[in-house]
Amino acid sequence: MNVKGSVRQISAELGSVVLDTLGLTAAIEWRARRFQKLTGVPCTLTVEPAAPIGLPEDYAATIFEFYNEALRNVARHAMASRVAVALTITPQDVTVRFSLPLA
């Protein structure tokens with residue numbers, strides 16, 4: 001495994017620990033702060049409801065991985081000056097919306 005692959009694996013494992021320990025909302029907030037620190041791109045996050053409950057563990061893991069991959073793609077390809085993310089969880093569905101405001 002190359003260095004880039006090792007870093008990605010360690011990052012994924014750390015994210016998993018954060019998710020398992022703190023829950024989805026706190027893990028997503030942690031990842032937004034890390035993204036902002038590593039890229040210098042401000043990241044605004046809105047989560048509704050603030051403390052989602054009753055979400056199956058595999059759903060939370062999938063949402064968290066999707067969120068991480070989307071942030072990686074923003075960092076690599078979007079050349080964004082800022083990012084706004086909205087996560088909404090209802091009994092019927094989960095919505096994650098990324099906005100890359102212009103200038």
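Me: A residue is buried when its relative accessible area is under 20%, exposed when that area is over 50%, and partly exposed in between (1.4 Å probe, protein chains only). What percentage of the 103 residues of the chain counts as buried?

Reply: Of the 103 residues, 28% count as buried. The model is predicted: local features need pLDDT of at least 70, side-chain atom pairs count only at pLDDT 80 or more, and totals for chains, interfaces and linings use all residues. Residues are numbered from 1 along each chain as its sequence is written, and side-chain values use heavy atoms, with hydrogens and water left out.

Me: What makes up the secondary structure of the chain?

Reply: The chain has three helices and three strands, which run α-α-β-α-β-β from the N terminus on. Helices (H or I, at least four residues) and strands (E, at least two residues) are DSSP runs, numbered from the N terminus.

Me: What span is expected of α2, and what distance does it reach?

Reply: The expected span of a helix is 1.5 Å times one less than its number of residues. For α2, with 16 residues, 22 Å is expected, and the distance from its first C-alpha to its last is 22 Å, close to that value. After α2 comes G40, whose phi is positive, near 80°.

Me: Which residues have the most contacts inside the largest nonpolar core?

Reply: They are L24, I28, F35, C43, F64, V83 and L87, in a core of 22 residues. The elements that give two or more residues to this core are α1 (3–22), α2 (24–39), β1 (43–48), α3 (57–78) and β2 (83–89). The term nonpolar core denotes a set of buried Ala, Val, Leu, Ile, Met, Phe, Trp, Tyr and Cys residues joined through side-chain atoms within 4.5 Å. In soluble globular proteins, nonpolar side chains tend to be buried together.

Me: Which residues does L87 touch, not counting residues up to four places away in sequence?

Reply: A contact requires heavy atoms within 4.5 Å. By that rule L87 touches L24, I28, T46, V47, E48, I63, V94, T95 and V96.

Me: Why is the pair of Y67 and F98 called tilted?

Reply: Rings of Phe, Tyr and Trp (its six-membered ring) pair if their centres lie within 6.5 Å; planes under 30 degrees apart count as stacked, over 60 as edge-to-face and the rest as tilted. The centres of the Y67 and F98 rings are 6.0 Å apart and their planes stand at 40°, so the pair is tilted. Y67 lies in helix α3 and F98 in strand β3 (residues 94–99), 31 residues apart, and the pair thus links distant parts of the chain.

Me: What makes Y67 buried, and what makes F98 partly exposed?

Reply: The relative accessible area of Y67 is 1%, so Y67 is buried. For F98 the value is 24%, so F98 is partly exposed.

Me: Why is the meeting of the R72 and E65 side chains called a salt bridge?

Reply: A salt bridge is a side-chain nitrogen of Lys or Arg within 4 Å of a carboxyl oxygen of Asp or Glu. The N to O distance between R72 and E65 is 3.0 Å, and that between R72 and E69 is 2.8 Å, so both meet the definition. The structure holds two salt bridges, and E65, E69 and R72 are linked in a network of them. E69 and R72 are three residues apart in helix α3, so about one helical turn separates them.

Me: How do you know whether R72 is buried or exposed?

Reply: R72 has a relative accessible area of 18%, so R72 counts as buried.

Me: What makes A75 partly exposed?

Reply: A75, in helix α3, has a relative accessible area of 45%, so A75 is partly exposed. Leaving aside neighbours within four places in sequence, A75 is in contact with F35 and T39. The C-alpha atoms of A75 and T39 are separated by 6.9 Å, although these residues are 36 residues apart along the chain.
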